[in-house]
Amino acid sequence: MVVHTSILFPLLGLRVLFADPETGWIEEVMSPYIGGILARNLLPLVIGIPIVTSGLFLSA
């Protein structure tokens with residue numbers, strides 16, 4: 001896959017998710033309640049931990 005394609009596909013997915021924040025699971029993430037706060041706090045970990053662990057696995 002070409003580099004610009006591999007960068008633009010996730011960006012397109014994010015654009016689709018944020019197109020209408022009043023529907024779907026983005027509504028839960030943007031919620032002012034405890035579930036939304038917890039989701040916003042855990043989202044960087046959910047994205048970052050697999051990247052870091054795969055990098056460690058590949059470097060070993």
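The exercises below work through the fold, the surface and a few single residues of one predicted protein model.

Residues are numbered from 1 along each chain as its sequence is written, and side-chain values use heavy atoms, with hydrogens and water left out. Because the model is predicted, local features need pLDDT of at least 70 and side-chain atom pairs count only at pLDDT 80 or more, whereas totals for chains, interfaces and linings use all residues.

**Exercise 1. Confidence**

Determine in which helix of the protein chain confidence is lowest and in which it is highest.

Solution. Start with pLDDT, the predictor's confidence in each residue, from 0 to 100. Over the protein chain its mean is 87, and 98% of the residues reach 70 or more. Next, go to the elements: the lowest mean, 83, belongs to helix H2 (residues 25-29), and the highest, 91, to H3.

**Exercise 2. Fold and overall shape**

Work out how many helices and strands the protein chain has, and how its radius of gyration stands against the globule rule.

Solution. Count helices (DSSP runs of H or I, at least four residues) and strands (runs of E, at least two), numbered from the N terminus. The chain has a radius of 15 Å, well over the 10 Å that the rule gives for 60 residues, so it is more spread out than a compact globule. Along its principal axes, the C-alpha trace spans about 40 × 25 × 10 Å.

**Exercise 3. The nonpolar patch**

Solution. Accessible areas come from the Shrake-Rupley method with a 1.4 Å probe, and for residues only the protein chains shown count as cover. The patch, with about 880 Å² of accessible area together, includes Trp-25, Leu-38 and Leu-43.

**Exercise 4. Buried or exposed?**

Classify Leu-43, Val-2, Ser-54 and Ser-31 by relative accessible area.

Solution. Buried means under 20% relative accessible area, exposed over 50%, and partly exposed in between (1.4 Å probe, protein chains only). Leu-43, at 34%, is therefore partly exposed; Val-2, in the segment before helix H1 (3-18), is partly exposed at 48%; and Ser-54, at 35%, is also partly exposed. Ser-31, in the loop between H2 and H3, counts as buried because its relative accessibility is 13%. Leaving aside residues up to four places away in sequence, Ser-31 touches Gly-36, Ile-37 and Arg-40, where contact means heavy atoms within 4.5 Å. For the chain as a whole, 7% of the 60 residues count as buried.

Technical notes. Patches are made of residues with over 30% relative accessible area and no salt bridge: like charges are joined within 9 Å, nonpolar side chains (Val, Leu, Ile, Met, Phe, Trp, Tyr) within 5 Å. A salt bridge is a side-chain nitrogen of Lys or Arg within 4 Å of a carboxyl oxygen of Asp or Glu. The radius of gyration is taken over C-alpha atoms; the globule rule is 2.2 Å times the number of residues to the power 0.38.
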